[in-house]
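User: Please take a close look at the aromatic pairs in this structure. I would like one connected account that also places them in their wider setting.

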Amino acid sequence: MKMTVIQWTFTALTCVVLAVLAYLYALTWLESRQAQQLGSKLPYSQTTANPLHTAVVYFSRSGNTALAARHVAKRLEAQLFPLTAPDYQLGIMGLAHAVKDANARRSQPDILPDVTPHTIDLAEFDTVWLGSPVWLYSPAPPIWAFVEHNRFDGKHVVLFNTFNSHIGEDYIAAFKAKVMARGAKSFEHRGVLRGRIAQQLTPEQMLKKIDDEWFRVGN
């Protein structure tokens, strides 16, 4: 018995849906595995008795930006401030929220997620590093939310990102405009390309790239 056009269409759509679900589950499995591996890395703890002049504020979902943030803090003897956003926990629902909210930011940039801490007293710091992964070519919504609710009066702000493929220069320009409007005196951006999810730099390679490109260690 021949299949009708409707039956062929339904079968094709079913195959597409199953393929998408399989991809999402594979991606969340890889993210969870990656987070577990990165979580085993020793956290940075500030040991110097000297006054701290640099703050590193960051959001990380699977641990890559957290690793970069800890490395930056170690290099600069800075104080770390991790941000959390419950909507984006590891797993299929967190990934779905991340994609949905990153896409919504394109047309509704004022709709921002809840982050903890909501505000941080940055008065004692001269420089503030703001770290975030890149979602749909833009810094992730939690770091935008943090900027919206904090002041950077007279400070040098450094946005740093870890990303898989590409970051939009228009989003970097918009982020710069946002922090300058919140009082920053200067701004710069640094990023590290890790590669696609199945062919990424190892944690050690990523940190070496940060040393080579951001801090010129050994050059």
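Analyst: The model is predicted. The protein contains six helices and six strands, and the order of its elements from the N terminus is α-β-α-β-α-β-β-α-β-α-β-α. Of its 219 residues, 43% count as buried. The accessible surface amounts to about 12,200 Å², and carbon and sulfur atoms account for 58% of that area. Among contacts between residues at least 6 apart in sequence, 80% join residues at least 24 apart.

Against this background come the aromatic rings. Eleven aromatic pairs are found when the whole structure is searched. One of them is formed by phenylalanine 59 and tryptophan 135, in an edge-to-face arrangement with 5.9 Å from centre to centre and 85° between the planes. This pair links distant parts of the chain, since phenylalanine 59 belongs to strand S1 (residues 54-59) and tryptophan 135 to strand S3, 76 residues apart. Phenylalanine 59 has a relative accessibility of 3% and therefore counts as buried. Tryptophan 135, with 13% relative accessibility, counts as buried too.

A further pair joins phenylalanine 81 and phenylalanine 125. The ring centres of phenylalanine 81 and phenylalanine 125 are 6.0 Å apart and the planes stand at 80°, so the pair is edge-to-face. Phenylalanine 81 sits in strand S2 (residues 79-83), whereas phenylalanine 125 sits in the loop between helix H3 (92-104) and S3; the pair therefore ties together parts that are 44 residues apart in sequence. Both phenylalanine 81 and phenylalanine 125 are buried. Beyond these two pairs, one aromatic cluster is formed by Trp129, Phe160, Trp214 and Phe215.

Tyrosine 137 is located in the loop between strand S3 (127-135) and strand S4 (138-139). Its relative accessibility is 40%, which means that tyrosine 137 counts as partly exposed. Together with Val99 and Leu136, Tyr137 makes a nonpolar surface patch of about 240 Å².

Asparagine 150 lies in the loop that runs between helix H4 (141-148) and strand S5 (156-163). Because its relative accessibility is 3%, asparagine 150 counts as buried. The side chain of asparagine 150 comes to 2.7 Å from the backbone oxygen of phenylalanine 146. With its neighbours within four places in sequence left aside, asparagine 150 is in contact with His118, Thr119, Ile120 and Arg182.

Histidine 71 is found in helix H2 (residues 64-76). Histidine 71 has 13% relative accessibility and so counts as buried. Apart from its neighbours within four places in sequence, histidine 71 has contacts with Leu207, Ile210 and Asp211.

To return to the request, the pair of phenylalanine 59 and tryptophan 135 connects strand S1 with strand S3, and the pair of phenylalanine 81 and phenylalanine 125 connects strand S2 with the loop between helix H3 and S3.

Notes: Residues numbered from 1 in each chain as written. Predicted model: local features only at pLDDT ≥ 70, side-chain atom pairs only at ≥ 80, totals over all residues. Heavy atoms only, no water. Helix = DSSP H or I, 4+ residues; strand = E, 2+ residues; numbered from the N terminus. Buried < 20%, exposed > 50% of the residue type's maximum accessible area, 1.4 Å probe, protein only. Polar contact = N/O pair within 3.5 Å; in protein donor to acceptor, adjacent residues only side chain to side chain. Contact = heavy atoms within 4.5 Å. Patch = residues over 30% accessible without salt bridge, like charges linked within 9 Å, V, L, I, M, F, W, Y side chains within 5 Å. Areas by Shrake-Rupley, 256 points an atom, 1.4 Å probe, with all protein chains shown as cover. Salt bridge = Lys/Arg side-chain N within 4 Å of Asp/Glu carboxyl O. Phe/Tyr/Trp six-rings, centres within 6.5 Å; stacked < 30°, edge-to-face > 60°.
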